[in-house]
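Hello,

Here is the structure I promised to pass on to you. Please have it open while you read, as my notes follow below.

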Amino acid sequence: MTATAPTVHVRLRPTMLSDLDFVLGVERDPGNLPSITPWERTQHEGAVRFPDFRHFIVEAGAGTQAAGFVILQGCRSPHRAVELKRIVLQRKGEGLGRACVRRLKQLAFRDLHAHRFWLDVKAGNVRAQTLYASEGFVVEGTLREAVRGEGGYESLVVMAMLEAEYAQRVAAGLEAG
């Protein structure tokens, strides 16, 4: 019998411009840099202000301590395709990532009425790919050498979930719905 991890509860609150120092600090943390392509402050400011984006601070635990941030894009897409643009957390291995992904799926499909919820992840980030796959995301393909990093070009793996797949997971009791 396998032990199950305790349920982690996360809250998403809209990012304020006053949160951007925290966002930039988490994004530029040496433990996070290999997994993402950091943005400039002005890009985050745009995501906070532009209605097609949802920029959230992730809060976890008993208080309101910030644990990271997430960005959704395409929230007003006529194609109902919402992208998980970024998820960056301070602490790893505590279930925060899984709790965030579950909350974001709920937000995308239930609140934003997405038909497709998708993301891309660096090919070398196997930990994240494993998490997304275990949460029902399907690999759609690879964008070969799509982003330039310090060590050269890196490929991106595109993963997605469709609303019918999410509905099946809800019916099976795998999602809160």
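Let me begin with Trp118, which lies in strand β5. Helices (H or I, at least four residues) and strands (E, at least two) are DSSP runs, numbered from the N terminus. Please keep in mind that this is a predicted model, where local features need pLDDT of at least 70, side-chain atom pairs count only at pLDDT 80 or more, and totals for chains, interfaces and linings use all residues. Residues are numbered from 1 along each chain as its sequence is written, and side-chain values use heavy atoms, with hydrogens and water left out.

Leaving aside neighbours within four places in sequence, Trp118 is in contact (heavy atoms within 4.5 Å) with Ala81, Val82, Glu83, Leu84, Val158, Met159 and Ala160. Of these, Glu83 stands opposite Trp118. Strands β4 (residues 81-89) and β5 (residues 116-122) run parallel and are joined by three bridges; two strands pair if DSSP finds at least two bridges between them.

Now the sheet. Its seven strands form an open sheet in the order β1-β2-β3-β4-β5-β7-β6, with mixed pairing. At the edges are β1 (10-14) and β6 (138-149), each pairing on one side only. On average, neighbouring strands are turned by 30° against each other, direction ignored.

Helix α2 (residues 41-49) lies across β2 (53-60) and β3 (66-73), at about 100° to β2. Axes here are lines fitted to C-alpha atoms, for helices over the stretch in contact, and angles run from 0 to 180 degrees between N-to-C directions. Helix α4 (residues 126-134) also packs on the sheet, touching β4, β5 and β7 (152-162), and its direction makes about 160° with that of β5.

How do α3 and α4 pack? Their angle is about 45° and their axes are 10 Å apart. That makes α3 oblique to α4 (under 35 degrees counts as roughly parallel, over 145 as roughly antiparallel, 65 to 115 as roughly perpendicular and the rest as oblique). Gly97, Arg98 and Val101 of α3 make the contact with Leu131, Tyr132 and Ser134 of α4.

Not counting residues up to four places away in sequence, Lys105 touches Arg110, Phe117, Glu135, Phe137, Met161, Tyr166, Arg169 and Glu175.

Best wishes
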